[in-house]
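Me: I would like a close look at a single part of this structure. Please start with the ring contacts, then settle on one helix and its surroundings.

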Number of protein chains: 2
Amino acid sequence: MTSAEADQNCTNGCENGGPCNDTDLVADSFKASELIIHRSSSSGEKPDPDNLVFGTVFTDHMLTIEWSKENGWEKPVIKPFQNFSLHPASAVFHYAVELFEGLKAYRGEDGEVRLFRPKLNMERMLRSSKRMCLPEFDKKELLQCILKLVEVDKEWVPYSTSASLYIRPTFIGTEKSLGVKKSSSALLYVILSPVGAYFAKGSFKPISLWAEPKYVRAWKGGTGDCKTGGNYGTSLFAQYEAMDVGCQQVLWLYGEDQKLTEVGTMNIFIYWKNENGEEELITPPLDGIILPGVVRQSILDLSRKWGEYKVSERYITMANLVKALKENRVKEMFGSGTACVVSPIGDILYKNENLPIPTMENGPKIATCILNTLSDIQYGRVESDWTVTVS
Amino acid sequence: MTSAEADQNCTNGCENGGPCNDTDLVADSFKASELIIHRSSSSGEKPDPDNLVFGTVFTDHMLTIEWSKENGWEKPVIKPFQNFSLHPASAVFHYAVELFEGLKAYRGEDGEVRLFRPKLNMERMLRSSKRMCLPEFDKKELLQCILKLVEVDKEWVPYSTSASLYIRPTFIGTEKSLGVKKSSSALLYVILSPVGAYFAKGSFKPISLWAEPKYVRAWKGGTGDCKTGGNYGTSLFAQYEAMDVGCQQVLWLYGEDQKLTEVGTMNIFIYWKNENGEEELITPPLDGIILPGVVRQSILDLSRKWGEYKVSERYITMANLVKALKENRVKEMFGSGTACVVSPIGDILYKNENLPIPTMENGPKIATCILNTLSDIQYGRVESDWTVTVS
């Protein structure tokens, strides 16, 4: 699918099966047709994709779009990557008026560069913007601007079918006052960072989790279903305590019955034989505290299309999990996210006891199948209307 | 009390009656004795304190202190107020690695400039820093640096016993990468803003609140007891919905029993005749979701010293409040914070019904007494070891 087709598709009905949100479109938005491009006079050295630390190397250009209450949206600008000059009272520094997205561009074996379901990211970004009282914009226009930015820095998309170019749209409040109020000025920007393979060649490495109810990632009535900065900074303390007890990530629990919600910065999936003896893939429902991940949605969509096992969005508690482990009913557990696609879970430390999870012993059949299917789509080995091609 | 005495006092035992936290002191901190001062060549025009919008005007200078994992703390610098130049991947933009404080300098009738219980702010700031995985520092050194900054911009402290100079210490993560991890670089800075009287001369104006459980400010296992940016940006949406239904602030509730927690960005107090017929001042306990406000603590300390009514840190639910209102037992309700000292509450909109609160009809006796006592201390009309004088 070309970007023009993507555009057309969005007008006709949304790719994710939900109602088309075109009624969300706002008259006051920046326009991709008005993009101003200032090209960098030189280009940075492209890194070896095998030796990249996530999010540390950036491309030659960035996209910036300024908004003010007074003048609305300015024309979008692609310009050389550079620092921002910001007033010390800017709302983003004091009240975390900020949100972001994360998606990737993949260079296929056919040489084409593709984005994976970017409209889902644009929809989520618009939702996050509303939640943070930042101005609305036209999702299609933003996607067109991002496609243009990736086109300008296309040589930065690694020539590799395990590496990719990470795309980071960000939106910050730049109100220059200390009042706790809607920002009267804001900056939407997009930066690009080439990233390496998440797993070393060909091998999944399972992670260990710390299941501890003392820290809570998100809560009903909060912003856990939006990609706001505040959800992430507050998670660091628990992450480092997890590492202190020898685990790699936090298994976030919720409520007195200790429902499983997310893993680190990923959604969580369990593949098991359920209480009724059915093979079932479960992930927690989107009840307001779960980030609606693009990979999460894709795993559900694929699994439902395959029709080979039951697929459920429902709660599972630590008690449910411990019982199922005792009865040898758990087959696989894994996290899902843009960085890794899927990340197998090998152990859970819970109440000072290690619970081994037999994910690797079981293949992992489902996780591998999902990883392969999504990778085939992302790297263009299989045609799909989930991808948008960069010109 | 001079700043030298304040320093000495902190060594001997903390002013707030708790155990002295000197064991918290870290060897690796910046030192006020190493302060570098670059004075501005010109001075901005001082505003009329009667026409100030909160947090929009800033003084000539700012304090900045940089930290990096590699080199530790740099020397603190006072320099002309200026924009920051920051990398677009800085942690503060993406993951809200940020926290702040708020306190004031008051020009007394005797011409002296005083800070009010600033050590409580320094302690809270250090606690917030730990929670956000930002580096520790010596609270006493930071206070000395702030005192010096206020001294340099002393002419900006309004010549008024209703206005003041608002002091905003801020601490942001400046890590230049997109990994969700501890920042390996950070910037602590302090800016100053002259602010006007909260209430027009001589008259309290009561506020109306929207009590609606659909939005939750903070939750157990989160950061509600720290002054992190994320707590504030996420509150905006509810604040604007409150204004849409004709209220001025949100009355934040918590839990299925709808406990009262905070008001807007203030702590909350109720003065009533309790179920046992006792006159009682209540505020919710510091259970992890309540910000330990300096004014909150001061109201408790004063009230306990006065000994004229029962003083309780305990829960109160909407059901308790509604019952007490029906039985005409509620005398006063007010918010407390650095901006207003106390802010009387006049109405609460709850389940589409307006609950009039007879705060103003009852004087408000307690709120007025607290406001007068604290103002007398802040403006030097009454001597107190709660103030620290600027040289």
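**Rings, a helix and a lysine**

Reply: Start with a charge over a ring. A:Arg107 lies over the face of A:Tyr159, at 3.7 Å from the ring centre. Keep in mind that this is a predicted model. A second case involves a lysine: A:Lys46 sits over the face of A:Trp156, with 4.7 Å to the ring centre.

Over all chains, the structure holds 40 aromatic pairs. Take A:Phe58 and A:Phe81: their ring centres are 5.3 Å apart and their planes are at 20 degrees, so the pair is stacked. A:Phe58 comes from the loop between strand 1 and strand 2 of chain A, and A:Phe81 from the loop between strand 4 and strand 5, so the pair ties together parts that are 23 residues apart in sequence. A:Phe58 has 11% relative accessibility, so it counts as buried.

One aromatic cluster takes in residues of chain A and chain B. Its members are A:Phe84, A:Phe93, A:Tyr189, B:Phe84, B:Phe93 and B:Tyr189.

Now the helix. Helix 3 of chain A covers residues 118-131.

How many of its residues are buried? The count is 12 of the 14, so helix 3 of chain A is largely enclosed by the rest of the structure. Among the buried residues are A:Pro118, A:Leu120, A:Met122, A:Arg124, A:Met125 and A:Ser128. Just after the helix, A:Cys133 takes a positive phi of about 60 degrees.

Zoom in on A:Met125, which is in helix 3 of chain A. Its relative accessibility is 0%, so A:Met125 counts as buried. What does A:Met125 touch, leaving out residues up to four places away in sequence? The list is A:Leu99, A:Glu101, A:Phe137, A:Leu142, A:Pro169, A:Thr170, A:Phe171 and A:Leu188. Look at A:Glu101 in particular. A:Met125 and A:Glu101 are 24 residues apart along the chain, yet 6.4 Å separates their C-alpha atoms.

A:Arg124 and A:Ser128 are buried residues of helix 3 of chain A. Both are in contact with A:Lys227. Beyond its neighbours within four places in sequence, A:Lys227 also contacts A:Leu99, A:Phe100, A:Glu101, A:Gly102, A:Tyr232 and A:Leu291. A:Lys227 lies in the loop between strand 11 and helix 5 of chain A. At 10% relative accessibility, A:Lys227 counts as buried. An unreviewed UniProt entry annotates A:Lys227 as "modified residue: N6-(pyridoxal phosphate)lysine".

Last, step back to the two chains.

How values were computed. Residues numbered from 1 in each chain as written. Chains lettered and ligands numbered in written order. Predicted model: local features only at pLDDT ≥ 70, side-chain atom pairs only at ≥ 80, totals over all residues. Heavy atoms only, no water. Helix = DSSP H or I, 4+ residues; strand = E, 2+ residues; numbered from the N terminus. Expected span 1.5 Å × (residues − 1). Buried < 20%, exposed > 50% of the residue type's maximum accessible area, 1.4 Å probe, protein only. Phe/Tyr/Trp six-rings, centres within 6.5 Å; stacked < 30°, edge-to-face > 60°. Lys NZ or Arg CZ within 6 Å of the ring centre and 35° of its normal. UniProt positions renumbered as here; feature names shortened; annotations may be inferred. Contact = heavy atoms within 4.5 Å.
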